[in-house]
Amino acid sequence: MIMKNIFIKKRVLNSLNISRLILLSIIMSALILTSCSSLNKIDASGDSNKTDDVSLSQSSDSKGFNNVDSSDTTSINNKSSNDSSGSSESSNSDPSGTLSKPVLSADPALVEGVLPNGIRYFLFKNATPKDRVSMHLNVQAGSMHERDDQQGVAHFLEHMLFNGSTHFKPGELIEYFQSIGMMFGADANAQTGFFETIYDILLPAGDRANLEKGLLVLQDYAEGALLLDSEVERERGIILAEMQERDSVALRTFKASLEFELPGSLIARRLPIGDQKVIESADRTLLKDFYDTWYRPDNMSIVMVGDFDVDLAVNLISERFSAMQPRSSAAELPVNTWESHASEEVFYHYEQETGKTDVSIGTVTWVDSEPENLDTLKERVVRRIADTVVQNRLSKDLRKDNSPFSNAGIYSGLFLQNIYFTAISAQCSPDKWKETLGFIEKTLRRALEHGFTEPELDRVKADFLLGLETAVKEASTRESSTLARELISSINRNRVFLSPEQEREILKSFIETLTVDNVTQAFRENWSAQHRLIEVTGNADIKPKNTTPEAFILSIYNESQKNDVAQVESNDEVIFPYLPIPSDTDNIASDKEVKSVGIRVVEFKNGVRVNIKKTDFKKGEFIYRLDFGGGKKSEPWKKQGLAILAQGIINESGVGKLSRDELETSLAGKNINFTFSADTDSFVYSGSASPSDTSLLFQLLYTLIVDPGFDEESLVLFKNRYRQMFQELLSTPDGMMQFKGEAFLAGGDTRFGMPTLEQIESLTMRDVKKWITPFFRQGDMEISVVGDLDIDEVIKLASKYFGSLERKGFLIPKGSSGVIVEDKRDIIVFPESKKIELQIDSKIDKALVVMAFPTDDFWKIKQTRRLNILSKILSERLRKTVREELGATYSPYAYNDSSQSYKGYGVLRAVINVAPDKVDDMLSHVESIADSMTTEQITDKELDLVLEPIWTYIKDIRRTNGYWLDSVMAGSLQHPEKIEWAATMDEDYRSVSLDEIHELAEKFCNRKRAAFIVIQPSGASQ
């Protein structure tokens, strides 16, 4: 289905392999296109983080209505009986017994207004993060507003609004953003969709001066675009480069699916990226026509969420925007209709490069777009509950040893105003498509014919009710940017922006009183359309004799329908926790507080350490991580891939006496999330929990360590996913970089990047257990907890469950003199002055160029912080040269990655996506830019423009739990200096001098030491 690859329940998303994540990312980019390349984040110590880790495992599900309801899949309006797709809908159920349709009132904290010219404003005061203001211009005009000769103009225009306006000359706007502490791409961005274009500004302060300047920028977006001919021509190259960068087999499959599912609709011909011929010929007149026609006051709204004076904002908006008038006559938006579907239709699309096969069954129907009311809200929720019950069934079946598929999901909702869809889909190997189609057909039919069981519904209701309560607890510390996005989504989807308190008041008793019959009826109505769309796409090469692939697929579907299905069997009652609870004993060896950063450090007699920081950054939740063992670095030399395999197996296995599904069932209604990962230096259990579930969390972590699970089915599942991912990634430049490029930069060390398929296939469960099991019983262990918590309770529980563990230390290898022997494998040799050219087997014409310099490890922290600054300056020079001046690429960037695990090893790299025929030119340009870092003086202005956003970012991240957990406390057992660094980070960044950056540039940006990687399709023209 068109939507099956876009919106899925978070549980399914977490279980997907990296190829699936790339697919989702690319398709989302086709729908909503960002104009700016993202900038790399700085960690607590000032390091630029970019992980090589790839998770193929399923983490625990985020629970509750608010989490599930975050995507467009959840919007359900009353359906018209006049279905333009040929399917009439039955009447809606009303499980609550409410027959009226009262209007919902918005969050009382939301201030709304309309200026006389029609511009609306929505203002919401919020203090997280402190001082910040998330400001947006929401223009309800996108690619669906284009004429045939304008395809891509909405997106082109969005680009142009950064390139010269009434108050900002070309090139000035981005520098202005940087000068006040905003990161272009992170804090200042824009996106174009089918029906809207949204401009974003994240102000560093909410005082009058910042509000006035921010509103000035929004005013220029709204009516001040210069659209200079020279800028149009320059930006054209960038958009064509973006079009090429976004091209993929996934996008092509998506477009083909759209044409099948919505035959005759404009949607398939109005992807926001546009038509290449239109982009190549677009001029100022064409852009100005669209701008004047659709950027009208009555099409716009101003959204502001953050730490500001609302009354002041109302006055400033009125002063700035009241005089704006339409510049052209209004145009009529074409109605998006499509041809009717027959009862059963089949779509087959072959793409060898996808690495897997997607199989789905679904419906697509027309709905009227109406304002949300109480009944449609409740209807939306009950249908999501029904989908979640089926999703739980799929997740359970996924882990069975005879499962034909590697991922599966069910979802439904409103897409692009009037398209209501349902879909059940699965991904599989190409030889398993028939079994997979039969499986999802039976799963769907079983739910439709037999409905659900009480235990299934109770589990889902518990999680949804938990979500309502959790949202209320966290309401006062919600982030402004997230709230702004939710508000804009409500505006553009005709929804009512409700507070968590309102949602709980409306939905709590409704959900509690839902019965199996209510939910079953809602599910049946959701699938009541009188047609089924059956789709098989991907790498299944279906070539039946004497018939078409479509006819053969239909025959498999019809054959499956001949088999009877029975109601699912109820699970036996799950008992957890099941291990004996250790007795309370005094295990504390030391207890101290680092007052400068407010961290409590407790060490137990067995060597286990606990780091605790109480914060008020996010109410009702704390986050944690438990580090132990040697991580990827300890992987046996001839067993490459063990770490990623162990990660996948453990995440899918639950614990010793309970499967993952049973464990999740036992945690229903509890706000506990967890996942397992293999970091470079340690294995990690991490997640979040509510203060009321602290005791249960420690029991869970104790069980995960004392009685870990290793299910054989999870080994099969992981290998299936990896096979699919491997084939797909090898056909993309970014994927090839993961498999071979990262190892090349590490001197061929296979612990970097991804293992080969042969390496993964050769590994067994015995290999995994033999390697990782000892780490569960011996060696260092560190628990870090931060957030809304009771410090004394955490210490008491940690002492009970982990202070009493018998942890044996590891022997450190020593030479005859008693000196610790350095493992030769810890020495990474950078390939100085070398170049590697890699080829991919792909019909997608795009290449990747990487220029890399050897730097240093992480632990020279002052140097690491300054290397991070140097990388930002290099990134800016790349942007200005190869993007802005040459128009040769869309999103060039640079970052420094200093290793925390390998002494003396770090890499500063520049990354550029480019057309294959421009590879040689790009290599020449990046070499020139590298030379400029040492031969051309870095200016005070360049330094200031990268430092201002960093200072603002540091201020923000210091008020996030994630910063303190991952960047300060985790790993402080081996490196206690990390805690000290947190107290000096801001001061250190503010003391950076130009001379220091010059010195680093001369030391590390020496082109003679650089390594180069070029990845492009085989046979690409040079």
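User: Which residues form one aromatic cluster?

Analyst: In this predicted model, a single aromatic cluster is made up of Phe628, Phe676, Phe683, Tyr685, Phe710, Trp771, Phe775 and Phe776. Across the whole structure, the search finds 36 aromatic pairs. One of them joins tryptophan 771 to phenylalanine 775, with 6.3 Å centre to centre and 80° between the planes. Planes over 60 degrees apart count as edge-to-face, and this pair is therefore edge-to-face.

User: How many residues apart are tryptophan 771 and phenylalanine 775 in helix 25?

Analyst: They are four residues apart in helix 25 (residues 765-777), so about one helical turn separates them. Both tryptophan 771 and phenylalanine 775 are buried.

User: Why is the pair of tryptophan 859 and tryptophan 981 tilted?

Analyst: Their planes lie at 35°, with ring centres 5.7 Å apart, so the pair is classed as tilted. This pair links distant parts of the chain, 122 residues apart. Tryptophan 859 lies in the loop between strand 21 (847-854) and helix 27 (861-885), whereas tryptophan 981 belongs to helix 31 (residues 977-990).

User: Is tryptophan 981 buried or exposed?

Analyst: The cut-off for buried is under 20% relative accessible area. Tryptophan 981, at 11% relative accessibility, counts as buried, while tryptophan 859, at 22%, is partly exposed.

User: Where does the charged end of arginine 327 sit?

Analyst: It sits over the ring of tyrosine 291, 4.3 Å from the ring centre. Likewise, arginine 990 has its charged end over the ring of tryptophan 951, 4.5 Å from the centre.

Conventions
Residues numbered from 1 in each chain as written. Predicted model: local features only at pLDDT ≥ 70, side-chain atom pairs only at ≥ 80, totals over all residues. Heavy atoms only, no water. Phe/Tyr/Trp six-rings, centres within 6.5 Å; stacked < 30°, edge-to-face > 60°. Helix = DSSP H or I, 4+ residues; strand = E, 2+ residues; numbered from the N terminus. Buried < 20%, exposed > 50% of the residue type's maximum accessible area, 1.4 Å probe, protein only. Lys NZ or Arg CZ within 6 Å of the ring centre and 35° of its normal.
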